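Below are some comments on the sheet and the aromatic contacts, for comparison with your own reading.

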Amino acid sequence: MVMTTSATRDIARKPQMRPANPRFSSGPCAKPPVWKLEALSDAPLGRSHRAAVGKSKLAEAIDLTREILGVPADYRIGIVPASDTGAYEMAMWSLLGERPAQMVAWESFGAGWVTDVVKQLKIDATVHTAEYGEIVDMAALNYDNDVCFTWNGTTSGVRVVSGDVIPADRAGLTLCDATSAAFAQDLPWDKLDVTTFSWQKVMGGEAAHGMLILSPRAVERLESYTPAWPLPKIFRMTKGGKMIEGIFKGETINTPSMLAVEDYLVALKWGRSIGGLDALMHRANANAQAIWNFCAAKPWIANLAVDPATRSNTSVCLKFTDERITDGAAFAKAVAKRLEAENIALDIGAYRDAPAGLRIWCGATVETSDIEAMLPWLEWAFETEIAATA
């Protein structure tokens, strides 16, 4: 039954507070809160990336990444083309095939890696899947095979709880897509042989560049195993059976954007200035907790993650649960459209392959005060849309 006109007006009254920054996109993500265009003035534009100044900037980006993430000294860190996708493809095409693979997918990007391994590379693989909002039992995998998985499901809002179940004496390699986890979650480097991510997620950098981190075990595989298929130039990490060490010192395979490199450096220096990884994780946790608390108090919305222990603290995926909603996809799109029209929350619709709902980025560059200011507007948009469709 529709409520009275006066009550409806009370519910639909717009909140007074507004987010200072309405950008809650899951990638490219919000810039660090202190970011200004002038901060990029030191970028060596119009200079070769192979000049001393270019190499210095690229090496600095690698060094700061290592420092903030706590990457062991004997792990290689490289800047590679094509964002996280390019980095993960580079790893799969170069390393897989020496032994069977365990392919793990609980969201769209993991499913994409399954397709590449099974249909493109045609590697002997066992596929483990879970529905959106759930996660595969990582303890059930055969770690004598190579294991490919995402740490944090950007499109499902579900993450691996810890690396405890990954055996230290594994025979296979672990290939981890950590693009929406790096800088917001504590990654267990001793359990990860290949780790990839992109600049535009937790640190809010510019897109198109990926990071590839290799353990000594991964390097040993590269130098002792040659895939049966040809490798494109941008995937080649060895020459004459030896690692091309320059890739991991800032001598990139292709031409990077020095403007984007400068932007990443600005974000890294900001992260270091606020306290490094611990501070970055704390910011993401506070942002996500604000949404979790909101969901706990509202009967019409819930976290897509089934198990609270696996909830992502960066890409928080939500679903509407009100029984009055007859078309979930249309309703979620309408709510997102209302929030965008008010310049309250931009780009928060669920990923196209995911269940209908919303996806709110809570990475470290987002201010908790903006999350808290946005949530009453989310309730306003929900109630307004319910009234409009009644």
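**Notes on the predicted model**

1. In this predicted model, Arg311 lies over the face of Trp292, 3.8 Å from the ring centre.

2. Seven strands make up an open sheet with mixed pairing, in the order 1-9-8-7-4-2-3. Strand 1 (76–81) and strand 3 (125–129) are at the edges with a single partner strand each, so one side of each has no neighbour in the sheet. On average, neighbouring strands are turned by 15 degrees against each other, direction ignored.

3. Strand 1 and strand 9 (residues 209–214) run antiparallel and are joined by six bridges. Here Arg76 stands opposite Leu214. Helix 2 (residues 52–69) packs on the sheet, touching strands 1, 8 and 9, and its direction makes about 125 degrees with that of strand 1. Helix 3 (residues 83–95) also packs on the sheet, at about 160 degrees to the direction of strand 8.

4. The structure holds 13 aromatic pairs. In one of them, the ring centres of Trp93 and Phe235 are 6.1 Å apart and the planes are at 50 degrees, so the pair is tilted. Trp93 in helix 3 and Phe235 in the loop between helix 5 and strand 10 are 142 residues apart. Trp93 is partly exposed at 21% relative accessibility, whereas Phe235 is buried at 12%.

5. Phe320 and Phe331 pair edge-to-face, with 5.2 Å between centres and 80 degrees between planes. Phe320 is in strand 13 and Phe331 in helix 8, eleven residues apart in sequence.

Definitions and conventions
Residues numbered from 1 in each chain as written. Predicted model: local features only at pLDDT ≥ 70, side-chain atom pairs only at ≥ 80, totals over all residues. Heavy atoms only, no water. Pairing = 2+ DSSP bridges. Helix = DSSP H or I, 4+ residues; strand = E, 2+ residues; numbered from the N terminus. Axes fitted to C-alpha atoms, helices over the stretch in contact; angles between N-to-C directions. Contact = heavy atoms within 4.5 Å. Phe/Tyr/Trp six-rings, centres within 6.5 Å; stacked < 30°, edge-to-face > 60°. Buried < 20%, exposed > 50% of the residue type's maximum accessible area, 1.4 Å probe, protein only. Lys NZ or Arg CZ within 6 Å of the ring centre and 35° of its normal.
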